Amino acid sequence: MPSSLSLPSFSLLRSNPLSHRRTTTLSPKYPRNSHLLIIKTSLEKPPPPPSTKPSSWVSPDWLTSLTRSLTLGQNDDSNIPIANAKLEDVSDLLGGALFLPLFKWMNEYGPAYRLAAGPRNFVIVSDPAIAKHVLKNYGKYAKGLVAEVSEFLFGSGFAIAEGPLWMARRRAVVPSLHKKYLSVIVERVFCRCAERLVEKLTPYALNGSAVNMEEKFSQLTLDVIGLAVFNYNFDSLGTDSPVIEAVYTALKEAELRSTDLLPYWKIKALCKIVPRQVKAEKAVILIRQTVEELVAKCKEMVEAEGESITNEEYVNDTDPSVLRFLLASREEVAIVSIFALLLEIELDLLRFYSSICNLNWVSSAQLRDDLLSMLVAGHETTGSVLTWTSYLLSKNPSALRKAQEEVDKVLGGRNPTYEDIKNLKFVTRCITESLRLYPHPPVLLRRAQEADVLPGGYKVNAGQDIMISVYNIHHSAKVWERAEDFLPERFGLEDPIPNETNTDFRFIPFSGGPRKCVGDQFALLEAIVALAIFLQNLNFELVPDQKIGFVHESD
């Protein structure tokens, strides 16, 4: 369910020989057959004729009224107001920017309100204390709807797994992202892919034509994930990748499933004949086949070399990928899986789980699903933050100059190393401020597993879907001063990099609690390196009179 800006295109001009930077400008969108590239995930739909209203199952008047009557008719004592959502107010909720009307209703109804959405009703929360309560109490709140609508893609991957299986898989994956791995990946993957991006942008600089940077950043981050996770070069920057098309198709299907009135896609027979489902199934088959082939190839190499983990920060010199680490640690993965299960499940369930948590199971279907989680989430998040950060810098010339000056001073014309990152303080704050203004995803979905009382006295029942609006929290005037302004300096250069802990859940772009994004450090490092090399080589400015829109995603 992608969440990104509908960004116009950059046009690149000849570099200044003294600064070795090329100027870039953002240009408006054009039809697909134009000489400019077009953003696949953010093409705006034509407005409806003046005489018609948008049509949607999301919170039309009758559904809002029904929600009110059902809730209040049961002597509602939840203390949660019901949003009076008119149909014309929520046309953005389907295929648009879900978080914009949510922000409007927050200002009207407060930090918690109930919203009818299709066949469901959600409690929308926009308060750091409530978000902290929900995200830290994993046992009380599960992924819920997110898992239901994306299982067809992620299978049993750690992104949506629950309970003991999730704990086992997370404990298996997290050790692969250790400090030594990150330091190697910075130089061998992040830098090389960013240099490749600059190389691909050079022709645009020479002829002064426009280029769509959201597309280019998405291609960059897919190439990074391919090399860092699989040791495979998708070469998205050089060729059209069917894999990235398949990923977008699958994500769009997950988004549509979240608002379908009836979950007909649970009927397997219908998935074979409904065109939308047929297309989604073909996309998932392609993605899974690609990952399975990479797993099989790497497994053959590991077994042929008799490779095994020798220390906690093990990195294979020829293939430092996550996949290589996981396959080389196969015995340890199985042991960790079973150990985690021993802590949390009863003996009868243990027998079942331990029977499947063996070497073959972990390194085939389960490993495929785990890596799929990293492939999809990894390139989506970083591509989005790079796009938004370049947009924000293009609108703030003084911040752009300051970032470029820092890059020149710290790097002196060379590529960044892992040790340089801590000195790129302003560049890092530009990225974190971008994540505050345009978090990816802008909402987090959870489902109450038992009745609970949220901070503020709001009561929820078991089974209640809860939508944490990260966008609302990050844009709330009650949480942030000058909340709508791009101010990298709001996060002190000498202060720790902001996260959910040191901001008390006021800043949660990577979620928080036990289910916080496992790749947050990976994503942040990748964005810093890519942005630094981009700034080192390119100037850019925003072409006027553009219309920029949004599409949405949830996690």
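Biologist: What percentage of the residues in the protein chain is buried?

Modeller: Buried residues account for 57% of the 555 residues in the protein chain. Buried is defined as under 20% relative accessible area, exposed as over 50%, and partly exposed as in between, with a 1.4 Å probe and protein chains only. This is a predicted model, in which local features need pLDDT of at least 70 and side-chain atom pairs count only at pLDDT 80 or more, while totals for chains, interfaces and linings use all residues. Residues are numbered from 1 along each chain as its sequence is written, and side-chain values use heavy atoms, with hydrogens and water left out.

Biologist: How many helices and strands are there?

Modeller: The protein chain has 19 helices and 13 strands. Both are DSSP runs numbered from the N terminus: helices are H or I with at least four residues, and strands are E with at least two.

Biologist: What share of the contacts comes from residues 24 or more positions apart?

Modeller: Such pairs supply 75% of the contacts in the protein chain with a separation of 6 or more. A contact means heavy atoms within 4.5 Å.

Biologist: Changing topic, how many salt bridges are there?

Modeller: The count is 25 salt bridges, where a salt bridge is a side-chain nitrogen of Lys or Arg within 4 Å of a carboxyl oxygen of Asp or Glu. One of them joins Glu253 to Arg276, with the closest N and O atoms 2.7 Å apart.

Biologist: Why does the pair Glu253 and Arg276 tie together separate parts?

Modeller: Glu253 belongs to helix α8 (residues 242–257) and Arg276 to helix α10 (residues 275–305), so the pair links parts that are 23 residues apart in sequence. Glu253 is buried, at a relative accessible area of 2%, whereas Arg276 is partly exposed, at 25%.

Biologist: And which residue does Arg490 pair with?

Modeller: Arg490 forms a salt bridge with Glu433, and their closest N and O atoms are 2.9 Å apart. Arg490 sits in the loop between α18 (470–475) and α19 (520–537), while Glu433 sits in helix α17 (residues 425–437), so this pair ties together parts that are 57 residues apart in sequence. Arg490 is partly exposed, with a relative accessible area of 23%, and Glu433 is buried, with 0% relative accessibility.

Biologist: What about Lys516, which partner does it have?

Modeller: Lys516 forms a salt bridge with Glu500, with the closest N and O atoms 3.0 Å apart. Lys516 and Glu500 both lie in the loop between α18 and α19, so the pair ties together parts that are 16 residues apart in sequence. Both residues, Lys516 and Glu500, are buried.

Biologist: Now helix packing. At what angle do α10 and α15 pack?

Modeller: Helix α10 packs against helix α15 (residues 365–394) at an angle of about 115°, and their axes are 10 Å apart. Axes are lines fitted to C-alpha atoms, for helices over the stretch in contact, and angles run from 0 to 180 degrees between N-to-C directions. The two helices are therefore roughly perpendicular, a label given to angles of 65 to 115 degrees, with under 35 being roughly parallel, over 145 roughly antiparallel and the rest oblique.

Biologist: Which residues make the contact?

Modeller: On α10 they are Ile287, Arg288, Val291, Glu292 and Val295, and on α15 they are Leu367, Arg368, Asp369, Leu371, Leu372 and Leu375. By class, this contact of α10 with α15 has 7 nonpolar, no polar and 4 charged residues. Ala, Val, Leu, Ile, Met, Phe, Trp, Tyr, Cys and Pro count as nonpolar, Asp, Glu, Lys and Arg as charged, and the others, Gly among them, as polar.

Biologist: Where is Cys298, and which residues does it contact?

Modeller: Cys298 is in helix α10 and is buried, at 4% relative accessibility. Apart from neighbours within four places in sequence, Cys298 contacts Asp319, Leu323, Arg324 and Leu327. The C-alpha atoms of Cys298 and Asp319 are separated by 9.4 Å, the two residues being 21 residues apart along the chain.
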